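Please look through the structure shown below.

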Amino acid sequence: MTRIVIDHLARVEGHGGVSVELGDGGVESVHFDVIEGARLLEGIVRGRPYDEVAPITSRICAICSAAHTIASLTATEQAFGVVPSARTERLRDLMLRGENIESHALHVFLLALPDYFGAPSAIALATEHREVVDLALRLKQLGNAIQEVVAGRAIHPVTAVVGGFGSWPTQNDLLALREGLLQGREDVAAAVDLMASLPPVDIGRSPSAYAALRMTGFYGYASGHEILVESSGRTVSVPVTAYRSITREQTVPHSHAKHSRWNGTPFMVGAIARLAVNGDHLPAGGARVAQRLGLTGESDDPQDNTRAQVVELAVDVDRALELVEHLLAEGDCVEAPVPVTPRAGTGTGAIEAPRGLLIHSYRYDERGLVEEADVVTPTALNAASVEHRLRRAVEQVSDRDAARIRRRAEMLVRAYDPCISCAVHVLDARRAV
Amino acid sequence: MTTATTAARPTVGIVGLTGCAGDQLVVLNCEDKLLDLVRLLDIRDFLMASSDRDDECPLDLVFVEGAVLSRRDEETLLRVRERAKCLVAIGTCAVWGGIPALDRLYDRQAMVRDVYGNGGLQFDTLPARALREVVPVDYAITGCPIEREEFLSAVAHLLHGNPPPSRDLPVCAECRMRETSCLLVTRGLLCCGPVTQGGCAARCPTRGVPCFGCRGPVAGANIPAALAAFEAHGIPREVAERRLEIFGPLPCVAAEEVAP
C-alpha cells in the first residue's frame, strides 16, 4: 500500500492536510485532515452576556469575521425580538459586500491563480505578471477599505453591534469609497477577461448537490430565512430554523471538523452553490459575467467555484456602489442602535459567508446570558464534499504519480476556498439530553 | 535581545499556530506595501501565501501568530525558535493567549467532550498558552488583529537593527489625544480603555463603541482603580471583572509587570 500525505496545505486559510492511501485494488482512503488546534469557543461563550458574543465569535475566523459578526448579531436580535432598521440592513449589506470582495480577491488571485500559472505564489507571479498582481491587490484593498469605513476595521469589525451601528460612515469616507468602486468596476472587467482566458482543468469533476440560502433582492448575503438544497435536479426548501436537518454532523477521527450530509450525499456550499440555487436572481451585470465564464448550466466542476467568485466580484462592486450612492444621497444622518431588552429565547442567524452557508444559533436566559450556542461553518459543511471529490481527483491519475496526485489534490482543495480556522470551530454547546 | 539585521536582506518566516489567521492576513492586507516588503525581506517560509516553502533554513526573523493549543503547535514553535535569531510574537493570541486562553476559566476536558463527543478526547489538544510560556520571545506586537502600521513600523525598525518601539500608554490616553468624549463618564459604558494597551489610535471609542480590551493589558494597568471607576458609574464589579478577563493578563505575570 502507498500512502501520500500532504502534511500542511499551502495557500489556504488555516491548518489542513490531505492523506491518501492507495492499495492494489485502487484508492483505499482519502482524508481531508483538519489539524488546527481546538479553541473550544462554545464553552467560552456559555454564560457570557449577549453583547460579548459577536466580538468573541468573530474571532473564529479573520477572513470571514464580518459574516460571523452579522450572523451572530442576527441570532441575538431574533432571540430578543429586536428588529434593526432598513438603514442598518443596508449598511450591513455594504459591510458584507466589502468582505466578499476582499475574500474573493484574496482567494481567486493570491491563493488559486498561481496554480494556473505554475507559480508558487502571487508574489512570484509579480515578476512576470505585475499587472495581474496589481489588479488583485487593488480589488483586495477596495474590499478592505469598505470594511474599514463601514465596520471600523477590516478584520474583526468594531462598529456593528446588536441593534445597529455604533457609528456611521462620514461623507468624505463615502466619497473615497465611490472613487475606489468606480476603479473597481474596471478592475473586475479585467479580472473577468483574465478568468475567461484560463485553460480548463479536469480535477475531481463529478456531479454535486448544492446548498445555499434563498437570496432575495440584489443577490443579498444576509437575512436568509430559507435554505435551498439542490440535488439531482430537484430543489428542496428547508427553513433556517430547521437547519440541523441538513447538518447531521458526525465526528470523524482524522479531523476536528464534523462532516455533514444531505440524505446521505455530500453537498457543496459557496459561490457556486449560491449560483446553482439562485442563478435566476442574478443581477444583469453578474449574469453577463456568468455567461462569459460558462456558468449557465449545471456545474460538475469544483473549479467553477472560483469562477463563480468572479461573478460575485462583479455583483458586489455594482451593489456596493449603489449602496454608497444611497448613503451619500441620505447625507450625514447618524442613527442610534435599537435599544435591547434581554429576554429568554432562541435565535438563529443564517448568512451567506464568502465560503458559503454560515449559521449561528443561540439560546439565552432571561438575563441575556448564553445558555447554548451552535455555529455551523461553510468549510465544515463542505468537508464531506471535499473528500468525495478528492477521491475522484486521485482516481483520475492512472499512473499513480505521487507528485501529480499531490498537485491535483492541492488544487482541488483550494477550489473549495477552505477556511480551516472556521471548520474547526463548530460551536456546539448543547448538553446531552 | 537579538536583532534581525545580519545580512542585507534578512531571511524571514511568517508562521501561524492556532488562531484565526488574522495577523497573517494583516500582513497580506499591506497591499500597497506588499511588493516593497518582499523586496526588503527574503520571505522563505509563509505557508498561507506561498507553496514554495523552506521549512528548515535558518531565519534571521520569524513572526509567529496564534496560541499554542496542540502538541503540533508546540513542536512547530520549538522548531522555529531553534531556526530563528529573532522571534516576534504577532497578535494577542501569541502575546497573551487571547480568546482561546479563556479556557483557563473552564474544565477543558469537559468542553472537548461537549463539542466533539467522547471521540474528541483522542484529538491533539492542549490548554492554550501564549508563546512566551513555551519559548523565549524577543519582541511582541499585540492586537486582535495587529495594527498594520505597527507591523510595518516594527519591520522598519528591525531592518535597521533596532528594537520595535515599545508602548506603555493605554487606549485611554490615545482617546484623550483624539478628544473623544469618554464613553464611561458620559454614557456609563463599560470601556476597557484605561487598562488596555494603546497603539490602535482608540479605534473603538472614537467610533462610539467601548474598548473591548482586545490588545491585552497595558504595562502597569491598575485594575483595582479601573474596577472602582466602573463601579462609581454603576457597572457592577462582577460584570466588569468578567469583561476584563476576556483579554486579561497571563496568570503567571504579576500585575505590575504586565508589559509583554
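In chain A of this predicted model, three strands make up an open sheet in the order E1-E2-E3, and their pairing is antiparallel. At the edges of the sheet are strand E1 (2-6) and strand E3 (26-34) of chain A, each of which pairs on one side only. Neighbouring strands of this sheet are turned against each other by 10° on average, with direction ignored.

The pairing of strand E2 (residues 16-23) of chain A with E3(A) is antiparallel and is made by eight bridges. Within this part of the sheet, Ser19(A) is placed opposite His31(A), which belongs to E3(A).

| Helix | Residues | Strands it lies across | Angle |
|---|---|---|---|
| H11 of chain A | 378-395 | E2 and E3 of chain A | about 140° to E3(A) |
| H12 of chain A | 402-415 | E1, E2 and E3 of chain A | about 45° to E1(A) |

The next topic is the contact between the chains. How many residues does each chain give to it? Chain B contributes 50 residues and chain A contributes 50 residues. On the side of chain B that touches chain A, the elements giving two or more residues are helix H1 (22-28), helix H2 (34-40), helix H3 (71-83) and helix H5 (108-116) of chain B. Of these, H5(B) supplies the largest share of that side, with six residues. Sorted by class, the side of chain B that touches chain A holds 27 nonpolar, twelve polar and eleven charged residues.

Chain B can also be considered by its domains. According to the domain assignment, chain B has domain 1 (11-159) and domain 2 (171-257), and the C-alpha centres of domain 1 of chain B and domain 2 of chain B are 25 Å apart. The contact between them draws 16 residues from domain 1 of chain B and twelve residues from domain 2 of chain B. On the side of domain 1 of chain B that touches domain 2 of chain B, helix H4 (residues 92-96) of chain B gives the most, with three residues, and the residues of that side divide into seven nonpolar, five polar and four charged.

How values were computed. Residues are numbered from 1 along each chain as its sequence is written. Chains are lettered from A and ligands numbered from 1 in the order in which they are written. This is a predicted model: local features need pLDDT of at least 70, side-chain atom pairs count only at pLDDT 80 or more; totals for chains, interfaces and linings use all residues. Two residues are in contact if their C-beta atoms, placed from the backbone, lie within 7 Å. Helices (H or I, at least four residues) and strands (E, at least two) are DSSP runs, numbered from the N terminus. Ala, Val, Leu, Ile, Met, Phe, Trp, Tyr, Cys and Pro count as nonpolar, Asp, Glu, Lys and Arg as charged, and the others, Gly among them, as polar. Domain bounds come from an automatic or database domain assignment. Two strands pair if DSSP finds at least two bridges between them. Axes are lines fitted to C-alpha atoms, for helices over the stretch in contact, and angles run from 0 to 180 degrees between N-to-C directions.
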